[in-house]
Amino acid sequence: MEIPPVKLSVFDIGKADAGLLQSKQLYQYILETNVYPNEAEVLKELREITASQPLCLMLSAADEGPIMSLLLKLVNAKKTIEIGVYTGYSLLVTALALPKDGKVIAIDPDRSMFEIGLPFFKKAGVEHKVEFIESIALPVLDKLLEDLSYIRQWCFFHPMPKNEGSFDYAFVDGDKENYVNYHERLLKLVRVGGMILYDNTLWSGTVAWEDDSSHDEEMKAIKDVFVDLNKKLASDTRIQISQLPVGDGLTMCMRLH
């Protein structure tokens, strides 16, 4: 009896050590030359602790960290939002890059994994910058958009959206099928000139595979999500984008209007 070939699953993504470059030597060169020497000790410790967790493939790639930190500083970010936290590696990157009075709203339905990373936030002295909300993201984003403040004009108080255009930066690494829904809401919450980053948008390079017969059903479904998302982002005139082959694919969007 012929044994059917094993299908690629999402768990195979975390097994590759060559990155999207498909060169282990080159990827290690980048990590050892540019990434690890400048990685804060608390980030290194959190990365190593997370690597021992059952779902460690959800850990943000170390080579994304310097890009995120640099962007946060370039846009002078003070108020940010992160969707999808896991143990908090990318969240800690953000908290370290923000000024002392900076704030990041972190949304994830599972706080238990964030608790693994929380001691490193305390060690770094940045715990106060993080507002963790244990929830799926869409209701939280909708609530942020619904919140009003009242502006006095003469003798009248006029309701105004409190949070629209108030965020400088957003990072999305949550449930992939909702990326397109997050995009519409984040374009209202992030200011003109602010940045929205989407992780995993190249999905191990499979977005370019014409033959996906070697993928399991979940891999195929998520690949299709990103193929569709990448087309929509590329044609969205409200943003300027750049897609980088770092980590599992990082798409950077700057809001234009």
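1. **Basis.** The model is predicted: local features need pLDDT of at least 70, side-chain atom pairs count only at pLDDT 80 or more, and totals for chains, interfaces and linings use all residues. Residues are numbered from 1 along each chain as its sequence is written, and side-chain values use heavy atoms, with hydrogens and water left out. Helices (H or I, at least four residues) and strands (E, at least two) are DSSP runs, numbered from the N terminus.

2. **Strands E1 and E2.** E1 covers residues 79-83, and E2 covers residues 103-108. The two run parallel and are joined by five bridges. Strands count as paired if DSSP finds at least two bridges between them. Glu82 has Ala106 in E2 as its bridge partner. Four of the five residues of E1 are buried, so this strand is largely enclosed by the rest of the structure. Buried means under 20% relative accessible area, exposed over 50%, and partly exposed in between (1.4 Å probe, protein chains only).

3. Asn76 sits in the loop between H3 and E1. Its phi is near 50°, a positive value in a residue other than glycine. Asn76 counts as exposed because its relative accessibility is 60%.

4. **Strands E6 and E7.** E6 (residues 167-172) pairs with E7 in the parallel sense, over five bridges. Val172 stands opposite Tyr198 in E7. E7 (190-199) is mostly covered, with seven of its 10 residues buried. Gly194 belongs to E7. Gly194 is at 0% relative accessibility and therefore counts as buried. Gly194 and Gly165 are 29 residues apart in sequence, and their C-alpha atoms are 8.8 Å apart in space.

5. Ser204 lies in the loop between E7 and H8. Here too phi is positive in a residue other than glycine, near 60°. Ser204 has a relative accessible area of 26%, so it is partly exposed.

6. **The E8-E9 hairpin.** E8 (residues 239-244) and E9 (residues 250-255) pair in the antiparallel sense over six bridges. Gln240 has Met254 in E9 as its bridge partner. Five residues lie between the strands, and Gly247 takes a positive phi near 55°. Val246 is also found in this loop. Is Val246 buried or exposed? It is buried, because its relative accessible area is 15%. Val246 and Ala61 are 185 residues apart in sequence, yet 7.8 Å apart in space, C-alpha to C-alpha.

7. **Aromatic pairs.** A pair of aromatic rings is described by the distance of the centres and the angle of the planes. Rings of Phe, Tyr and Trp (its six-membered ring) pair if their centres lie within 6.5 Å; planes under 30 degrees apart count as stacked, over 60 as edge-to-face and the rest as tilted. The structure holds five aromatic pairs. One of them joins Phe114 and Phe121, edge-to-face, at 5.5 Å centre to centre and 70° between the planes. Both Phe114 and Phe121 are buried. Tyr179 and Phe226 form another edge-to-face pair, at 5.5 Å centre to centre with 80° between the planes. This pair links distant parts of the chain: Tyr179 is in helix H7 (residues 179-189) and Phe226 in helix H8 (residues 217-234), 47 residues apart. Tyr179 and Phe226 are buried. Ring pairs link Tyr179, Tyr198, Trp203 and Phe226 into a cluster.

8. **A charge over a ring.** Lys79 lies over the face of Phe167, 4.5 Å from the ring centre. The criterion is NZ of Lys or CZ of Arg within 6 Å of the ring centre and within 35 degrees of the ring normal.

9. **The second largest pocket.** Its volume is about 220 Å³. The lining has 15 residues, of which Asn38, Ala40, Leu43, Gly65 and Ser69 lie nearest the centre. Helices H1 (24-35), H3 (65-74) and H4 (89-97) are the elements that each give two or more residues to this lining. By class, the lining has nine nonpolar, four polar and two charged residues. Ala, Val, Leu, Ile, Met, Phe, Trp, Tyr, Cys and Pro count as nonpolar, Asp, Glu, Lys and Arg as charged, and the others, Gly among them, as polar.

10. **Pocket terms.** On a 1 Å grid over the protein atoms alone, a pocket is an open set of points where a 1.4 Å probe fits, with protein on both sides within 12 Å along at least five of seven lines. Lining residues have an atom within 4 Å of a point. Grid points are joined across faces, edges and corners, and a volume is the space filled by probe spheres set on the points.
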